[in-house]
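Here are a few exercises to work through with the model open in your viewer. Try each one before you read its solution.

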Amino acid sequence: MNSTFPPEYEVYALRYAVQPDRTARENYLFYDEHDGPMPQDYFIWAIRDEARVIVVDTGFTAEMAAKRKRTFLRSPIAALAGIGIDASQVRDVVITHMHYDHAGNLDAFPQARFHVQDKEMQYCTGRCMCYDLLRRPFEKYDVITAVRHLFEGRLVFHDGDETLAPGVSLHLIGGHTLGQQVVRVHTKRGYIVLASDGAHYWSNIRSRKPFPLVADVMLMLEGYTRIDALADGPEHVIPGHDPAVLTTFPTWPSSGDVALLHEAPIAHAERTDGQTALSVQI
Ligand SMILES: [Zn+2]
Ligand SMILES: [Zn+2]
């Protein structure tokens, strides 16, 4: 048994897809420096100790990768199986927000309850979806699937900050979407924050340069400050799409696509556009 309290969880970032041809100007709302390659990785996350498993986000499918022109590495469900987690047995899944790259595959978790913020379901089923710009990152099928699960009693709504389990809490950030939430987890190296799209890259949060896909830019900026406050240090913030996650932390012995976020960093995070994140002046 885990004798510490709150428990010290193991936390994994599981990469399942990449977008290698992305450029820096696509990752900043205002970008006045040189442009250049800035690839994007797609992750889901898993939290576990002896008592529980919590999956954070569910990724997309091979079909969606083809539709959206992303390079699919493996199914998020296979990625979970690779670290010994059977999706069909998982009881708790946090959906950080309903974008297509975070909320597909819901039917692969037949036993799960899905934890979402009130504001996210209001956002993705309300008048904001009248606008193509805001609707584009959502998939109609995923939203309808979530609503179907709602009517099957399998959606759990959260309003703001709530404890999910001892040492695991959810925090409403907003900004990127109106119901974007992040997950704070206690580990042996302190509290880490799975920022998901609350902070796409370390450079977004460290230089306070907002990501361009944003519903409310002030909330996104406030969210960066909130995420920093929730985490025990800069490398306790885990960005949602930064390839540097896989070179900053030790990886699973048989897979370079799985980062062990509960372990101490083995390198300082490099900005993927070639500058060292820690040297960025705020
Ligand atoms: Zn998103
Ligand atoms: Zn995303």
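**Exercise 1.** Work out how many of the seven residues of strand β10 (residues 181-187) are buried.

*Solution.* Start with the cut-offs: a residue counts as buried if 20 or more other C-beta atoms lie within 10 Å of its own, as exposed if 12 or fewer do, and as partly exposed in between, with C-beta atoms placed from the backbone. Strands here are DSSP runs of E with at least two residues, helices are runs of H or I with at least four, and both are numbered from the N terminus. On that count, seven of the seven residues of β10 are buried, so the strand is largely enclosed by the rest of the structure.

Before you go on, a word on ground rules. This is a predicted model, where local features need pLDDT of at least 70 and side-chain atom pairs count only at pLDDT 80 or more, while totals for chains, interfaces and linings use all residues. Residues are numbered from 1 along each chain as its sequence is written, and chains are lettered from A and ligands numbered from 1 in the order in which they are written.

**Exercise 2.** Find the strands that pair with β10, and say in which sense.

*Solution.* Two strands pair if DSSP finds at least two bridges between them. On one hand, β9 (168-172) pairs with β10 in the antiparallel sense over five bridges, and L172 stands opposite Q181. On the other, β11 (residues 190-196) is also antiparallel to β10, again over five bridges; there R184 has V193 as its bridge partner. Two residues separate β10 from β11, and the two strands form a hairpin.

**Exercise 3.** Which residues of helix α3 (residues 118-125) are buried, and what do they pack against?

*Solution.* The buried ones are K119, E120, Y123 and C124. Looking down the axis of α3, they fall within an arc of 120 degrees (taken from the directions from the helix axis to the C-beta atoms), so they line one face of the helix.

Now zoom in on K119, which has 21 other C-beta atoms within 10 Å. Contact means C-beta atoms, placed from the backbone, within 7 Å. Not counting residues up to four places away in sequence, K119 touches L172, G174, L178 and G179. K119 and L172 are 53 residues apart in sequence, yet their C-alpha atoms are 8.8 Å apart.

**Exercise 4.** Is D92 buried or exposed, and which residues is it in contact with?

*Solution.* D92 belongs to strand β5 (residues 92-94). Counting gives 20 other C-beta atoms within 10 Å, so D92 is buried. Setting aside neighbours within four places in sequence, D92 contacts I54, A112, R113 and H115. From D92 to F114, 22 residues along the chain, the C-alpha separation is 6.3 Å.

Key
Two residues are in contact if their C-beta atoms, placed from the backbone, lie within 7 Å.
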